[in-house]
Amino acid sequence: MAAAAAAKGCDVTVLEFQDRVMSRVTSASVSRFFEQLHGRNGVRFVFGAAVTAVEGSQRAERIVTADGSVHPADVVLAGIGVVPNQELAGAAGLECRDGIHVDGDGLTSDPAIYAVGDVTRFMSTIDGASQRLECIQNALAQADRAAAHITGEDAGEPEIPWFWTVQQGIRLQTAGVRHPEDEVIVRGAPAEGKFSVVYLRNGCLAAVDTIGSLTDFRPAKKLIAHKARIDPLLAADPGTRLTDAVFAAA
Ligand SMILES: Cc1cc2nc3c(=O)[nH]c(=O)nc-3n(C[C@H](O)[C@H](O)[C@H](O)COP(=O)(O)OP(=O)(O)OC[C@H]3O[C@@H](n4cnc5c(N)ncnc54)[C@H](O)[C@@H]3O)c2cc1C
């Protein structure tokens with residue numbers, strides 16, 4: 001939204017509570033790349049900005065942050081996350097805690113009720129972590145699996161979660177779900193606008209971000225599914241294919 005507004009000639013300021021963009025979903029190297037990209041295209045960021053008030057007489061005219069700064073505004077857009085609407089499910093007696101609990105087939109704690117999409121919380125097939133995934137691909141994959149379960153068909157292996165966003169014309173596509181404590185390996189040069197970031201958990205490929213190039217995306221998705229052990233030195237070399245950075249089985 002910031003990119004689109006800046007492209008239309010608007011003076012855009014993003015007030016971000018955290019110290020970088022997309023901190024929940026990606027590593028610092030990817031955040032810095034996109035901050036610089038947006039910066040070159042006229043988007044200004046203020047990090048560590050806790051909004052305390054939106055002020056104005058007839059409409060929003062300014063934003064006040066915790067440090068007392070005042071940011072004049074003609075238009076204010078709030079993008080501060082979502083809370084699952086689980087009240088109906090809770091009233092029906094379904095197990096809910098920050099999302100309706102479902103299994104890999106979308107089945108809730110009531111065997112007659114399924115739930116899919118943003119509102120659900122479920123266990124990662126990669127590492128067993130409890131998660132909510134807010135993306136179209138997850139909603140569609142869960143719907144497929146729930147339909148297969150209802151009709152008694154084989155849904156096959158669950159798909160590795162994946163996501164994409166295009167910002168300032170550059171595509172960020174992610175496979176797997178990164179954790180903050182993962183080992184982070186940058187493949188390629190961010191300055192050239194095409195690179196990947198590989199995330200290793202206990203030595204195994206857990207997630208990948210591809211930026212401006214999809215070369216690593218499909219191989220990484222397969223390697224994540226197979227919990228492939230990766231040689232970090234080889235993975236750091238963009239001249240080595242990711243599939244060639246896999247440790248041979250002992
Ligand atoms: C601004 C924005 C940008 C996004 N961009 C991307 C993107 O680039 N890529 C991506 O993968 N995802 C993106 N998403 C996320 C994506 O839209 C969601 O993950 C996806 O729509 C989830 O599908 P869903 O069916 O779970 O929920 P929804 O699409 O939210 O559908 C739920 C529906 O249920 C209805 N509903 C709620 N309560 C009741 C009730 N009690 N009775 C009947 N109906 C009810 C709602 O009105 C709604 O129509 C974006 C989301 C937003 C808000």
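Into which domains is the protein divided?

## Overall layout

In this predicted model, the protein is divided into domain 1, which spans residues 2–72, domain 2, which spans 87–151, and domain 3, which spans 162–245. Between domain 1 and domain 2, the C-alpha centres lie 33 Å apart.

## Surroundings of the ligand

The residues around the ligand are L88, G117, D118, E134, C135, I136, Q137, A139 and W164. Helix α4, made up of residues 136–151, gives the most to the shell, with 3 residues.

For Q137, an N or O atom of the side chain is 3.2 Å from a ligand oxygen atom. On its own the ligand has 1000 Å² of accessible area, and the protein covers 30% of it.

## Cysteines

A disulfide is a covalent bond between the sulfur atoms of two cysteines. With a cut-off of 2.5 Å between cysteine sulfur atoms, the count for this model comes to 0 disulfides.

How exposed are C10 and C96? C10 has a relative accessible area of 43%, and is therefore partly exposed. C96 has a relative accessible area of 22%, so C96 is also partly exposed, given that buried means under 20%.

Notes
Residues are numbered from 1 along each chain as its sequence is written. This is a predicted model: local features need pLDDT of at least 70, side-chain atom pairs count only at pLDDT 80 or more; totals for chains, interfaces and linings use all residues. Side-chain values use heavy atoms; hydrogens and water are left out. A residue is near a molecule or strand if one of its heavy atoms lies within 4 Å of it. A polar contact is a pair of N or O atoms within 3.5 Å; within protein, one must be able to donate a hydrogen and the other to accept it, and residues adjacent in sequence count only if both atoms are side-chain atoms. Accessible areas come from the Shrake-Rupley method with a 1.4 Å probe; for residues, only the protein chains shown count as cover. Helices (H or I, at least four residues) and strands (E, at least two) are DSSP runs, numbered from the N terminus. Domain bounds come from an automatic or database domain assignment. Buried means under 20% relative accessible area, exposed over 50%, partly exposed in between (1.4 Å probe, protein chains only).
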